[in-house]
Amino acid sequence: MHIRGDHAELVVGGRLDVRSAADARTALHSALDDGVGDLVLDLTELDSWDATGLGVIMGAHRRAGRAGRRLVLRGVPPQMQRLLVATRLHRILAIEGGIAAESLPRV
């Protein structure tokens with residue numbers, strides 16, 4: 001996994017899973033604590049995430065809310081969009097452009 005960016009936008013790539021969760025959590029918390037306004041999390045380079053990775057994103061979402069900020073997901077890959085819809089998290093998380101469940105490809 002790799003994360004690059006600043007307190008306004010972070011690009012996450014590779015795998016966001018149990019092995020990379022601690023590093024991702026640290027980077028997200030640091031960006032949230034050091035900035036103001038929306039924090040955009042660009043996921044276009046993300047290959048996959050597991051439950052732990054999704055938990056990191058949900059934790060960052062809650063931390064952003066407590067800080068008066070908003071975590072905005074950008075470029076959510078289709079397979080991850082399906083997971084967000086299946087778990088109904090697409091209704092909680094701010095997703096740039098939104099997710100239309102009926103437009104997702106079936107697997």
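Me: What does the accessible surface of the chain come to, and what share of it belongs to carbon and sulfur atoms?
Reply: In this predicted model, the accessible surface, computed by the Shrake-Rupley method with a 1.4 Å probe, comes to about 5,800 Å² for the chain. The part that belongs to carbon and sulfur atoms is 50%.

Me: How are residues numbered, and which pLDDT do local features need?
Reply: Residues are numbered from 1 along each chain as its sequence is written, and side-chain values use heavy atoms, with hydrogens and water left out. Totals for chains, interfaces and linings use all residues, side-chain atom pairs count only at pLDDT 80 or more, and local features need pLDDT of at least 70.

Me: In what order do the elements of the chain run from the N terminus on?
Reply: The chain has three helices and five strands, where helices (H or I, at least four residues) and strands (E, at least two) are DSSP runs numbered from the N terminus. Read from that end, the order is β-β-α-β-α-β-α-β.

Me: In which sense do β3 and β4 pair, and what is the hand of the crossover between them?
Reply: Strand β3 (residues 39-49) and strand β4 (residues 71-74) pair over four bridges in the parallel sense, pairing being counted if DSSP finds at least two bridges between two strands. Between β3 and β4 the chain passes through helix α2 (residues 51-66). A crossover has this hand if, with the strands pointing away from the viewer, the path from the first strand over the helix to the second runs clockwise, and the one from β3 to β4 is right-handed.

Me: Which residue of β5 stands opposite V72?
Reply: β4 also pairs with strand β5 (residues 94-95), in the parallel sense and over two bridges. Together with helix α3 (residues 78-86), these two strands make a right-handed β-α-β unit. The residue of β5 opposite V72 is A94.
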